[in-house]
Amino acid sequence: MPLIINSFPKSKILFLIRNGLAIAEGWGRRNADIKTAAQWYKKYVLFYEDYVKENPNSAKIIRFEDLLQDPFFCARKLFDFLSLPNNSEMQLRIAIKPTIRVNHDVINTTTKNKVWINKNNFKEFLDVEIN
């Protein structure tokens, strides 16, 4: 972190944090040690939270689940954080990977599509039930 801050003193840092259970579940699907995943997750999340507390004007945390639940609220928070103009008629362009549900398992495909979403259609593309 010091290298980034020293090289770019006006930079703003965004930490994207995902639910720890989703992280552990993902590691488990890859036959990795879930206890190790939990230790890494705790270490990094605590670091991020401490960093944001110490640097509230230059660092922010966004939770992945919040982004799925309401991407426009998160975008407004980011625009405010970055001192960018906010547009109430905002559209966001996202890259999506279609998923296939088979017997409660979710299989991610490798195909990525880019779509424009707005406040009226984003739930067609973002599924908060898929972690």
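Please keep in mind that the model is predicted.

I'll start with the inside. The largest nonpolar core has eleven residues: Leu 68, Phe 72, Ala 75, Met 90, Leu 92, Ile 94, Ile 96, Val 115, Ile 117, Phe 122 and Leu 126. Helix 5, residues 71-81, strand 3, residues 92-96, and strand 6, residues 113-117, are the elements that give two or more residues to this core. Strand 3 supplies the largest share, three residues.

Take Phe 72, one of the residues of that core. Setting aside neighbours within four places in sequence, Phe 72 is in contact with Met 90, Gln 91, Leu 92, Ile 117, Asn 118, Lys 119 and Phe 122. There is also a second, separate core of eight residues, and Ile 17, Tyr 51, Ala 59 and Ile 61 are among them.

Next, helix 2, which runs over residues 20-29. At its start, a side-chain oxygen of Asn 19 comes to within 2.6 Å of the backbone nitrogen of Leu 21. Within the helix, Ala 22, Ala 24 and Gly 26 are buried. What do the buried residues of helix 2 pack against? They pack against helix 3, residues 34-54. Just after helix 2, Asn 31 has a positive phi of about 60°.

Now charges. Side chains of opposite charge can pair when their charged atoms come close. How many salt bridges does a search of the whole structure find? The search finds one. The partners are Glu 49 and Arg 63, with their closest N and O atoms 3.4 Å apart. Glu 49 lies in helix 3 and Arg 63 in strand 2, residues 59-63, so the pair ties together parts that are 14 residues apart in sequence.

Last, the surface. Met 1, Ile 4, Phe 8 and Phe 47 form a nonpolar patch there, and together they have about 370 Å² of accessible area. Phe 8 sits in the loop between helix 1, residues 2-7, and strand 1, residues 13-17. Why does Phe 8 count as exposed? Exposed means over 50% relative accessible area, and Phe 8 counts as exposed because its relative accessibility is 54%.

Note on methods:
Residues numbered from 1 in each chain as written. Predicted model: local features only at pLDDT ≥ 70, side-chain atom pairs only at ≥ 80, totals over all residues. Heavy atoms only, no water. Buried < 20%, exposed > 50% of the residue type's maximum accessible area, 1.4 Å probe, protein only. Helix = DSSP H or I, 4+ residues; strand = E, 2+ residues; numbered from the N terminus. Contact = heavy atoms within 4.5 Å. Polar contact = N/O pair within 3.5 Å; in protein donor to acceptor, adjacent residues only side chain to side chain. Patch = residues over 30% accessible without salt bridge, like charges linked within 9 Å, V, L, I, M, F, W, Y side chains within 5 Å. Areas by Shrake-Rupley, 256 points an atom, 1.4 Å probe, with all protein chains shown as cover. Salt bridge = Lys/Arg side-chain N within 4 Å of Asp/Glu carboxyl O. Core = buried A, V, L, I, M, F, W, Y, C linked by side-chain atoms within 4.5 Å.
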